[in-house]
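Thanks for coming, everyone. Please have a look at the screen before I start talking.

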Amino acid sequence: MTLPLDRASEATLGKSDVPLRLVGIHKNFGGVVAIKRFDIEVAAGEIVALVGDNGAGKSTLIKIISGLYQPSEGEIWLNGEPVDFRDASDARARGVEVVYQDLALVPDQPVYMNMFLGRELTTGPLRILDRKRMARETQELVDALDVRIPSAKATLSDLSGGQRQAVAICRATHWASGLVLLDEPTAALGVAETAKVEQLILKLKERGAAILIVSHNMDQVFRIADRVSVLRRGTQVGTKPLSETSHNEVVAMITGLTS
Ligand SMILES: Nc1ncnc2c1ncn2[C@@H]1O[C@H](COP(=O)(O)OP(=O)(O)O)[C@@H](O)[C@H]1O
Ligand SMILES: [Mg+2]
C-alpha cells in the first residue's frame, strides 16, 4: 500500500502506531465460530469498509472493537498500545466510538442533550446541567462539520432521519479520539440523506479519523472507502484497496462464487 507523503513519517514510526490494529481476532459463541483470525490495520485518515453477507460476522467484529464482546483470542491495539476492554464504557473511555443503524439517541431531548448523553456538562456545586455550554459546544461542532440542522436546541424528533444520523456521527466524532466505527450508518436512510451522511464521513476522514464502516451498499463502499475487507462466514476472505478491485470481484469474494 502506498501512503500519501504527509503520512510517510507515520509509516517510518512503525505500523503499530496506527489508530486501530487487530491481530488474529477470533470469536466463538459456544460451538459457533463467528470470527476466525481476523487481522486489519486502519490508519489515520483512512476509511476501511467491512463487507459480507448476513451472518458473516461484521457486527460481531464491531462489537469486539467497541468492548461489547470480548474476543476468544487475538489482540486489539489502539495507537500502538494493546487494549483489553471489559465493556463498552471501557472502550468509550479509550476514545472508541460507534454509530449504529438503529440510533442510540433520545427523541424527545434537544440535539445538545443527545450530543452529551451520559457525559452531561454541569455547573456549580449543585451540578446543575450546563445547558448553555452544551448547546454552544454542540452548535460549534455541527457548524464545523457543516451539518445542517435548524439549531443545537432543536428537539431531536423534529429532525429528519438523515439529520439524526448526522447528529449520531457528530457525537461519535466529538468523543472519539481518532477511531470511529460505523455499522450500517445509512441502512435506514433515503438516497439524498445517504449522500449527506457520506459527505460527513468523508469530512471525518479529512480531519484524520480512522474509520471502519460496515456497509451493504457496494456503491457506497466504492464511493467513500479506501480499502475493503471481506468476511465470509467468519473467515476474512481478503482485504484490498478499492483502486485495485472491482464491484464484481468484491461480490465474488462475498458470495464465494466466481462470475
Ligand atoms: N450474541 C450471540 N450469541 C450467539 N451467536 C451470535 C451472537 N452474535 C452473533 N452471533 C452469530 O455470529 C454470526 C455472525 O453474526 P453477525 O456478526 O451479527 O453478522 P453480520 O453483522 O455480518 O450480519 C452469526 O452466525 C450469528 O448468529
Ligand atoms: Mg450486522
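What you see is a predicted model.

Let's start inside. The largest nonpolar core has 68 residues. Which residues have the most contacts inside it? They are A49, L50, V180, L181, I211 and I213. And which element gives the largest share of this core? That is helix 6, residues 161-175, with 6 residues.

Take I213 as an example. Set aside its neighbours within four places in sequence. I213 is then in contact with I47, A49, L50, L182, P185 and A225. Note that A49 and L50 are on this list, and both are also among the core residues with the most contacts.

Now helix 6 itself. Helix 6 has 15 residues. From first C-alpha to last it reaches 21 Å, close to the 21 Å expected at 1.5 Å a residue. Is helix 6 enclosed or open to the outside? Of its 15 residues, 12 are buried, so the helix is largely enclosed by the rest of the structure.

A quick reminder on helices. An α-helix has 3.6 residues a turn, so residues three or four places apart point the same way.

On to the strands. Strand 11 covers residues 227-232. It is mostly covered, with 5 of its 6 residues buried. Which strands does it pair with? On one hand there is strand 3, residues 47-51, which pairs with strand 11 in the parallel sense over 4 bridges. Here A49 comes back: its bridge partner in strand 11 is V228. On the other hand there is strand 12, residues 235-241. Strand 11 and strand 12 run antiparallel, joined by 6 bridges. V230 stands opposite G238 in strand 12. These two strands form a hairpin with 2 residues between them. In that turn, R233 has a positive phi of about 45 degrees.

Next, strand 4. Strand 1, residues 20-29, pairs with strand 4 in the antiparallel sense over 5 bridges. H26 has E73 in strand 4 as its bridge partner. Strand 4 also pairs with strand 5, again antiparallel, over 3 bridges. There, W77 stands opposite P82 in strand 5. This hairpin has 2 residues between the strands, and N79 takes a positive phi near 50 degrees. N79 lies in the loop between strand 4, 73-78, and strand 5, 81-83. Is N79 buried or partly exposed? It has 18 other C-beta atoms within 10 Å, so it is partly exposed.

Why point out the phi angles? Most residues other than glycine have a negative phi. R37 is another case, with a positive phi of about 35 degrees although it is not a glycine. R37 sits in strand 2. With 14 C-beta neighbours inside 10 Å, R37 counts as partly exposed.

Which residues surround ligand 1? F29, V32 and A34 are among them. Helix 2 gives the most, with 3 residues. By class, the shell has 4 nonpolar, 6 polar and 1 charged residues.

Look at V32 in that shell. V32 is in strand 2, residues 32-42. It has 9 C-beta neighbours inside 10 Å, so V32 counts as exposed. V32 and A166 are 134 residues apart in sequence and 35 Å apart in space, C-alpha to C-alpha.

Last stop, Q70. Q70 is in the loop between helix 2 and strand 4. With 13 other C-beta atoms within 10 Å, Q70 is partly exposed. Q70 and V221 are 151 residues apart along the chain, and their C-alpha atoms are separated by 28 Å.

That's the tour. Thank you.

Definitions and conventions
Residues are numbered from 1 along each chain as its sequence is written. Chains are lettered from A and ligands numbered from 1 in the order in which they are written. This is a predicted model: local features need pLDDT of at least 70, side-chain atom pairs count only at pLDDT 80 or more; totals for chains, interfaces and linings use all residues. A nonpolar core is a set of buried Ala, Val, Leu, Ile, Met, Phe, Trp, Tyr and Cys residues joined through C-beta atoms within 7 Å. A residue is buried if 20 or more other C-beta atoms lie within 10 Å of its own, exposed if 12 or fewer, and partly exposed in between; C-beta atoms are placed from the backbone. Two residues are in contact if their C-beta atoms, placed from the backbone, lie within 7 Å. The expected span of a helix is 1.5 Å times one less than its number of residues. A residue is near a molecule or strand if its C-beta atom, placed from the backbone, lies within 6 Å of it. Ala, Val, Leu, Ile, Met, Phe, Trp, Tyr, Cys and Pro count as nonpolar, Asp, Glu, Lys and Arg as charged, and the others, Gly among them, as polar. Two strands pair if DSSP finds at least two bridges between them.
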